[in-house]
Amino acid sequence: MSLLYTLTEVPKSKTDIQSFYVQVQGKSPIPSLQAYKEKAQAAWLATMRTGLSKEQRKTILHNFSHQIAPWFQQPEILSDFLTDSYNVGGATSLLALSGIYYLISEKNLDYPSFYLKLYSLLDDGLMHSKHRSRFFRLLDTFMSSSHLPANLVASFIKRLSRLALHGPPAGVVVVVPWAYNMFKKHPACTFMMHREIRDPALQEELEEEGMDDPFDMEEQDPLLTNAIESSVWELEALQSHYHPNVATLAKIISEQFTKRAYNLEDFLDHSYTALLDVELDRDLKKEPEVEFEIPKRIFTAEEGLNTFGQLLTQVVESR
């Protein structure tokens, strides 16, 4: 694999061929550019058929679209490898996604269960994955078509909103503008933000007793989750998020949709460090007021040991 990765670019003519891993005597051992590409293709196929480790498979998937597929006259022969990787789950599936998209967009590969598999990738680990930015870039492309069914789009919005409730701030700041863009592209889903109850009796009952969320989080088929009948209460709940930047951003769902769309690239590469640096570098108009009482004792209280002192005593005695 290390040798193959040195072949960074596919030569456009025979004169561009510079790398050989055989002993060259006299004229070039490669009779044509086509033969050179066939040897590289055979080498990659032989490598993929060996017992790849998990990390080696990830490395191949990471470089598939720009470094491996161009060597193949018919990259479609790699569809089985990509499909098997896609079924592994986790980060491996996220990386295989870009390769499958390459075959769909460039080689017209037919993948009928694509959105079903894409929906299955929206799990608890997505918001914490280091490949999260790559996934959202591809997801934004996949969901951009205005011909997608409204209930399918609603399922993606709802599931990501639910995951955002317990995701890190760096992941939540991607979900909110992405959901905003989806509502703009698919107006049929806007009922999830505001749906009037016209029956006074039903409205009174809901105000007193509430209601169960009709969305089925366990359903694997995005067409059958009933998300379109639900609401995005999760995004409204994020307006009370502990991180001020997340809480402010989440309020765009409750305001008028005057902005055409958000540029998702502005939100993809956030991290804990970046969010913390923004807060530390912020210019304060006035110093925050802090009130606290300096305790007179650390381990004891008026009646003896306090809770901390009792715990410390148990630790000392246990040793």
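Me: Leaving aside neighbours within four places in sequence, which residues is His-131 in contact with?
Reply: This is a predicted model. Neighbours of His-131 within four places in sequence are set aside here. The contacts of His-131 are then Ala-91, Leu-94 and Leu-95.

Me: Is His-131 buried or exposed?
Reply: His-131 sits in the loop between helix H6 (114-120) and helix H7 (132-142). Its relative accessibility is 14%. Buried means under 20%. His-131 therefore counts as buried.

Me: At roughly what angle do the axes of helix H4 and helix H5 cross?
Reply: Two packed helices are described by the angle and the distance between their axes. Helix H4 spans residues 79-86 and helix H5 residues 90-107. Their axes come within 8 Å. H4 passes H5 in a left-handed crossing. The angle is roughly 150 degrees.

Me: How many charged residues are in the contact of H4 with H5?
Reply: H4 brings Ser-79, Leu-82, Ser-85 and Tyr-86 to the contact. Among the H5 residues are Ala-96, Gly-99 and Leu-103. By class, the contact has six nonpolar and five polar residues. The charged count is no residues.

Me: Which helices each supply at least two residues of the lining of the largest pocket?
Reply: The largest pocket has a volume of about 600 Å³. Of its 24 lining residues, Met-192, Met-193, His-194, Arg-195 and Ser-231 are the closest to the centre. The helices asked for are H10 (200-209) and H11 (233-237).

Me: How many charged residues does the lining of the largest pocket have?
Reply: Take the lining by class. Eleven residues are nonpolar and seven are polar. The charged residues number six.

Definitions and conventions: Residues are numbered from 1 along each chain as its sequence is written. This is a predicted model: local features need pLDDT of at least 70, side-chain atom pairs count only at pLDDT 80 or more; totals for chains, interfaces and linings use all residues. Side-chain values use heavy atoms; hydrogens and water are left out. Axes are lines fitted to C-alpha atoms, for helices over the stretch in contact, and angles run from 0 to 180 degrees between N-to-C directions. Helices (H or I, at least four residues) and strands (E, at least two) are DSSP runs, numbered from the N terminus. A crossing is left-handed if the near helix is turned anticlockwise from the far one by less than a right angle, and right-handed if clockwise. Contact means heavy atoms within 4.5 Å. Ala, Val, Leu, Ile, Met, Phe, Trp, Tyr, Cys and Pro count as nonpolar, Asp, Glu, Lys and Arg as charged, and the others, Gly among them, as polar. On a 1 Å grid over the protein atoms alone, a cavity is a set of points where a 1.4 Å probe fits but cannot get out, and a pocket is an open set with protein on both sides within 12 Å along at least five of seven lines; lining residues have an atom within 4 Å of a point. Grid points are joined across faces, edges and corners, and a volume is the space filled by probe spheres set on the points. Buried means under 20% relative accessible area, exposed over 50%, partly exposed in between (1.4 Å probe, protein chains only).
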